[in-house]
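Visitor: I have a model open and want to learn how to read it. Where do we start?

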Amino acid sequence: MGSTDTAAERVTYKKSPAYAWAVAMGAFFGQLILIFSMKNLYIALSTIAQDFGLTSADLAVWASVMGVFYGVAGILWGFLIDKFGCRKVMSVNAFLTAGLVIAIAAFVYDVAIGCVFMALLGILFAGADDAVIPKLITTWFHPSKRGLGFPLVTLGGAIGGVICGILAGNFIEMFGWRGDFYIMGGICVVLAIILTFLIRDTPASVGTVPFGSPEGTPVDADEMPKAKTKAEKKASKDLLVRVLKDPATYKFGLVMIVWYFWFSNYQAYLVAAAQDIGFPVSIAALTTSMASLGCAVGFFIWPPLTNRLGRKPIFIFLMAMEGLVTICLYFLFESGITSEVILLGSTLVMGLFVSSAPVMQNSLGEQFRPSVRGTGSGAAATISAIGRLAGPMLAAAVIVAMGSTHSYFLFSGGSAIAAGILVVFLVKNTGGKYGDPMAELEAEERRAALNEAEKDEG
């Protein structure tokens, strides 16, 4: 009878493991805040420039400043999420981002002040991206289900871009760019409130287990601070040191540098390339929509496959296919295509293989032990700033050297293939039958330490 009661207790949770989907929706709203804030700025940039009596090129410095701080601040947010938990860090970040969007409307009246606000905005953007998502989803989803959790979060970015494009343009026309920032900032405040209600630190903190855990899995009381061993308490104070000594930080950081050579460019010159071979801007602009549509479809194909085949082979496949398709686009554009159907269809195919972000972020988190997963992901994201900054410049150099905008396809495609090659040699395989080896190792060490502590007390 006693054993039956114990079994019943093990499968009775305060919340269903399916609460993980609510947490993922919270992160989805976080992506909406990120994209609303970022895209809104890009959409309003020319209007702001006119208001200041400048050209859009003059205000390009804002995007550069934001990009620099966006890239280098990842390690800060990764450290904070390991130290203070997902809910506090992501909620504070969401409210600060929303408040800063409103503050831009209220206080930015010249380029210099704008640069300060762009730096702050870039720092906050880093707290809603690669530094935090791997920690959150790998905490809330069992390795067998993570390929489902990540796409829901990244889908927020894709949908956010579509919605922002519709709202921001109309708001600017009706209320001016300052009115637009007030309204978009207000929308972000509402989203931040929703996010705060949904996000929680760990399944154990609400009395449940990661979604997809085997039936009968007990709530992991060891996740609670009281259960930490003395060694773990000391180690928690040395998060950054541990990550900087971990080779995985630099291995995946190098992968991300080259990955961003590709990712920062795959759409950057796409519209201009289509215009250069004779398509009107109305048609050329649709290439970005088709690429985004293909990406959204890919979110529901490739990440779930990693649950069965592992993250690494799918990551390599996507990089190889994206590289090959993009290089084929170069030769297609070089031939001087005139068919709108071929133009849009080819960019749709390219977009289908673009959806590697959730695969990359999932693999990134699983390279590290859960206790340093945020700091590790954040450190790799900071290293990747090199790719964010150098990628567009290198692509521009290729365009100048070859004399055609569509020659950037060669650089972008080559970078994707190079990223795939680096994954082969530098990234540990996880997911599928490979599970989450770093989490299993840490859990085993934790159990051994706790057993040893109990023996000492006895």
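Guide: This is a predicted model. Take Asp 130. Beyond its neighbours within four places in sequence, Asp 130 is in contact with Met 256, Tyr 260, Met 360, Gln 361, Leu 364, Ser 377, Ala 381 and Arg 388.

Visitor: Is Asp 130 buried or exposed?

Guide: Buried means under 20%. Asp 130 has 3%, so it is buried. Its place is in the loop between α6 (111-126) and α7 (133-140).

Visitor: Which side chains join that of Asp 130 in a polar contact?

Guide: Two to look at. The side chain of Tyr 260 joins at 2.8 Å. The side chain of Gln 361 joins at 2.7 Å.

Visitor: Where does Thr 430 lie?

Guide: Thr 430 sits in the loop between α21 (408-426) and α22 (437-457). Its relative accessibility is 0%, so Thr 430 counts as buried. Its side chain makes a polar contact of 2.4 Å with the side chain of Glu 366. Leaving aside neighbours within four places in sequence, the contacts of Thr 430 include Gly 310, Arg 311, Ser 363 and Pro 437.

Visitor: Now the surface. Which residues form the nonpolar patch?

Guide: Val 68, Phe 69, Val 72, Leu 389 and Met 393. Together they have about 410 Å² of accessible area.

Visitor: Which helix gives the most to the patch?

Guide: α3, with three residues. Both α3 (60-72) and α20 (385-402) supply at least two.

Definitions and conventions
Residues are numbered from 1 along each chain as its sequence is written. This is a predicted model: local features need pLDDT of at least 70, side-chain atom pairs count only at pLDDT 80 or more; totals for chains, interfaces and linings use all residues. Side-chain values use heavy atoms; hydrogens and water are left out. Patches are made of residues with over 30% relative accessible area and no salt bridge: like charges are joined within 9 Å, nonpolar side chains (Val, Leu, Ile, Met, Phe, Trp, Tyr) within 5 Å. Accessible areas come from the Shrake-Rupley method with a 1.4 Å probe; for residues, only the protein chains shown count as cover. A salt bridge is a side-chain nitrogen of Lys or Arg within 4 Å of a carboxyl oxygen of Asp or Glu. Helices (H or I, at least four residues) and strands (E, at least two) are DSSP runs, numbered from the N terminus. Buried means under 20% relative accessible area, exposed over 50%, partly exposed in between (1.4 Å probe, protein chains only). A polar contact is a pair of N or O atoms within 3.5 Å; within protein, one must be able to donate a hydrogen and the other to accept it, and residues adjacent in sequence count only if both atoms are side-chain atoms. Contact means heavy atoms within 4.5 Å.
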